Amino acid sequence: MEAVESVVIVGAGIAGLATALGLHKLGIRSLVLESADSLRTTGYYLGIWPNAWKAIDALGGIGQILRAKNIKLTGIMTSSLISGDITADIPINTAGLKGDSYLVNRKTLLETLENELPRGTIKYSSKVVHIEDSDCHKSLHLADGTILKAKVLIGSDGVNSVVAKYLGLSKASYPGRSAVRSFVEYKNGHGFEPKVMMFFGKGVRFGVIPCDEHKVYWFYTFRPPQDKKLVEDPINLKQYILSTLGKAPDKIRNVFEQTDATNLERSPIRFRHPWNLFWGNISKGNVCVAGDALHPMTPDLAQGGCSALEDSVVLARVLAAALREESQENEQRKIQKGLENYAKERRWRSIDLVWSAYMSGSVQMWDGVVLTFIRDHILAKFLSGFFLKKPAFDCGNLLSSSSYEI
């Protein structure tokens, strides 16, 4: 069977659903193809910083729904695992960053986006296995034999994007680090302040963030040891993590001790080299990419999901403007120009975030006496301020662009 769709989005992740919602708000129908048989709600929490809230609020009333279900973060504290000293403790509102900062459950975010879309927008069990040119359309061959034709094709299909491969973007690279994420629940409350608590030293980096009065989320990044048996199964992995916590406070150590090993989620970190974003095709003709398909990045600035939301608002805005433009140019040329505008607007922002996250993470992972001293005593406050600078960005709303940095 073969069908023709105006806009096809591959991947029902954050970027895919937010783009579909943005287009819907502007009166443009899209079809989202998801390879899984239901919404992928794996993953625990993600930081939603002011730049992401600007994008979320541009999409309608979902911001109010999400804020009501989560607690507002008030500051960032960093500590050395070597000395045990607090190296920086910065209130978010006094660091020049205006707007809300929350820790949001990824499942809640995706379900909220899905609930705002018209029924039938998402087509599950629809894995794209091949893309080919077909006149002015793109033909999408699905695993079940279905062939769809799309006037516009948007890839938001993650790190291993089939659309990014079609555009010629290189595969995401492995920086030699892995990430572990989990959570723990305290029936009688945890007693932590609502702030991001980060710890560096001896080649590891981890953070602890309260989700509400009872639940605490944590993340941990490390360079896997040569002896893979130390981290192969969840029980060994938990013991390995506990052995690397250095001079973390007992209350922080207790978070890891109380975590159920079966709840550990480990994955290799991936990122796209900035020069590939500089030289590569973010868009080509009537095809483009967004979210992790565009700019997979290390988690060190907590901007992966935030930047995906920025992408979505910009993409919906420029694509809708292109399709509505009253000119003598044919529709295909207007779409191409619209996606070129999207690529132009998002290229440098993507390069900045990918490079900054990589460099920030590298510094945070420094080991050795001299480098550790420089990080903990000279660069600590700079790094915290640097972390808070990247969310000071406005992607604009669905009708007009107002991108700027504070």
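Visitor: Ground rules before we start?
Guide: It's a predicted model, so local features need pLDDT of at least 70 and side-chain atom pairs count only at pLDDT 80 or more, while totals for chains, interfaces and linings use all residues. Residues are numbered from 1 along each chain as its sequence is written, and side-chain values use heavy atoms, with hydrogens and water left out.

Visitor: OK, at what angle do α1 and α9 cross?
Guide: Roughly 30 degrees, with the axes of α1 (residues 14–25) and α9 (residues 304–324) coming within 8 Å. Helices here are DSSP runs (H or I, at least four residues), numbered from the N terminus. Axes are lines fitted to C-alpha atoms over the stretch in contact, and angles run from 0 to 180 degrees between N-to-C directions.

Visitor: Parallel or antiparallel, then?
Guide: Roughly parallel, a label for angles under 35 degrees, with over 145 counting as roughly antiparallel.

Visitor: Who makes the contact?
Guide: I14, A15, A18, T19, G22 and L23 from α1, facing G305, A308, L309, S312, L315, A316 and L319 from α9. Contact means heavy atoms within 4.5 Å.

Visitor: How many charged residues in there?
Guide: None; the α1 contact with α9 has 9 nonpolar and 4 polar residues. Asp, Glu, Lys and Arg count as charged, Ala, Val, Leu, Ile, Met, Phe, Trp, Tyr, Cys and Pro as nonpolar, and the others, Gly among them, as polar.

Visitor: And how do α6 and α7 run?
Guide: Roughly antiparallel to each other. Their axes cross at roughly 170 degrees and come within 10 Å. K238, I241 and L242 of α6 touch R253, F256 and E257 of α7, which splits into 3 nonpolar, no polar and 3 charged.

Visitor: Switching topic: how many cavities of 30 Å³ or more?
Guide: There are 2. On a 1 Å grid over the protein atoms alone, a cavity is a set of points where a 1.4 Å probe fits but cannot get out, whereas a pocket is an open set with protein on both sides within 12 Å along at least five of seven lines; lining residues have an atom within 4 Å of a point.

Visitor: What lines the second largest cavity?
Guide: W218, K238, I241, L242, F256, T259, A261 and L264. Helix α6 (residues 234–242) gives the largest share, 3 residues. The volume is about 40 Å³, meaning the space filled by probe spheres set on the points, which are joined across faces, edges and corners.

Visitor: And the second largest pocket, what's its volume?
Guide: About 240 Å³. Its lining includes V159, N160, R270 and R272, and divides into 5 nonpolar, 3 polar and 4 charged.

Notes:
Helix = DSSP H or I, 4+ residues; strand = E, 2+ residues; numbered from the N terminus. Parallel < 35°, antiparallel > 145°, perpendicular 65-115°, else oblique.
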